[in-house]
Amino acid sequence: MKKVKSVLLLCMIGLLLSACSLKQDAANLYKKETPLVADMEIPQTIKADDITNIKVLLTQNGEKVVNADYVHFEIWKQDGSIQRNMEAATEEGNGVYSIQKRIESNGLYFVRVHASNENSIIMPQQQFIVGNLTDSELEYLQKDIIIQEESHQHHH
């Protein structure tokens, strides 16, 4: 009788434990994010005081993003003389968003795109040069190259 009770108890425990196991398709029950991808287009040559057109192509899940939740551009100068201001982008269509900006002085600049669509938010950043660089800006770029080279040497 004790053996029968023990076997029944083990069967019951086995049934209870099997009911608590994960389903094979459990991952499909959760929302999957499709990341937003940005491809920035900045002119190769920019002269001070010219109007510059900076563009970004937004794609998500392999398709061009039309009517993104928001797209803003933030542009600043490396030396801090031009403060960061976010400006709304103009939607050109076919997934392209742009801003036209007059950059008044030579130097090293950065642009960051703030974009969101379907709960995916990205903020890619890229540097660009207007006219000629000062010695301190060249030094800044060279330090960045040295740091990148040193970090690559340690990875094997």
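This is a predicted model: local features need pLDDT of at least 70, side-chain atom pairs count only at pLDDT 80 or more; totals for chains, interfaces and linings use all residues.

Visitor: How many helices and strands does the chain have, and which pattern does the chain follow along the sequence?

Guide: The chain has two helices and ten strands. Read along the sequence, the pattern is α-β-β-β-β-β-β-β-β-β-β-α.

Visitor: What share of the residues is buried?

Guide: A residue counts as buried when its relative accessible area is under 20%. Of the 156 residues in the chain, 28% are buried. The chain exposes about 11,500 Å², of which carbon and sulfur atoms supply 53%.

Visitor: What share of the contacts joins residues at least 24 apart in sequence?

Guide: Among contacts between residues at least 6 apart in sequence, the share that joins residues at least 24 apart is 62%.

Visitor: Let us turn to the strands. In which sense do β2 and β7 pair, parallel or antiparallel?

Guide: Strands β2 and β7 pair in the antiparallel sense, over seven bridges. As an example of residues facing one another, I54 stands opposite I99 in β7.

Visitor: How many bridges join β6 to β7?

Guide: Three bridges join these two strands, which run antiparallel. Strands β6 and β7 form a hairpin with two residues between them, and N94 in the turn has a positive phi of about 60°.

Visitor: Which residues does T90 contact, leaving aside its neighbours within four places in sequence?

Guide: T90 is found in strand β6, which spans residues 90-93. With those neighbours left aside, T90 is in contact with V96, Y97 and S98. A distance between C-alpha atoms is another way to relate two residues: T90 and H72 are 18 residues apart along the chain, and their C-alpha atoms are separated by 8.9 Å.

Visitor: Which members of the largest nonpolar core touch the most other members?

Guide: A nonpolar core is a set of buried residues joined through side-chain atoms. The largest one here has 23 residues, and V56, L58, V71, F73, Y97 and F128 touch the most other members. The elements that give two or more residues to this core are β1 (36-41), β2 (51-60), β4 (70-77), β7 (96-102), β8 and β10. Strand β8 gives the most, with four residues. Another core lies apart from it and has five residues, among them L108, F110, L133 and L141.

Visitor: What does V56 touch, not counting residues up to four places away in sequence?

Guide: On that count, V56 touches A38, D39, M40, V71, F73, G95, V96, Y97 and V113.

Visitor: How is a pair of aromatic rings described?

Guide: Such a pair is described by the distance of the centres and the angle of the planes. In this structure the count comes to three aromatic pairs. The pair of Y109 and F128 is stacked, with 5.6 Å centre to centre and 15° between the planes. Y109 lies in strand β8 (residues 107-117) and F128 in strand β10 (residues 125-130), so the pair ties together parts that are 19 residues apart in sequence. Both Y109 and F128 are buried.

Visitor: What is the geometry of the pair formed by F110 and Y140?

Guide: F110 and Y140 form an edge-to-face pair, with 6.5 Å centre to centre and 85° between the planes. This pair links distant parts of the chain, since F110 is in strand β8 and Y140 in helix α2 (residues 135-153), 30 residues apart. F110 has a relative accessible area of 8% and is therefore buried, whereas Y140, at 35%, counts as partly exposed. Ring pairs link W76, F110 and Y140 into a cluster.

Visitor: Is S120 buried or exposed, and what does its side chain reach?

Guide: S120, in strand β9 (residues 120-122), counts as buried at 1% relative accessibility. Its side chain reaches the backbone nitrogen of L36 at 2.9 Å. Leaving aside neighbours within four places in sequence, S120 is in contact with E33, T34, P35, L36, Q60 and A115.

Visitor: Where does S116 lie?

Guide: S116 lies in strand β8 and is buried, with a relative accessible area of 5%. Not counting residues up to four places away in sequence, S116 touches L36, A68, D69, Y70 and I121.

Definitions and conventions. Residues are numbered from 1 along each chain as its sequence is written. Side-chain values use heavy atoms; hydrogens and water are left out. Rings of Phe, Tyr and Trp (its six-membered ring) pair if their centres lie within 6.5 Å; planes under 30 degrees apart count as stacked, over 60 as edge-to-face and the rest as tilted. Buried means under 20% relative accessible area, exposed over 50%, partly exposed in between (1.4 Å probe, protein chains only). A polar contact is a pair of N or O atoms within 3.5 Å; within protein, one must be able to donate a hydrogen and the other to accept it, and residues adjacent in sequence count only if both atoms are side-chain atoms. Contact means heavy atoms within 4.5 Å. A nonpolar core is a set of buried Ala, Val, Leu, Ile, Met, Phe, Trp, Tyr and Cys residues joined through side-chain atoms within 4.5 Å. Accessible areas come from the Shrake-Rupley method with a 1.4 Å probe; for residues, only the protein chains shown count as cover. Two strands pair if DSSP finds at least two bridges between them.
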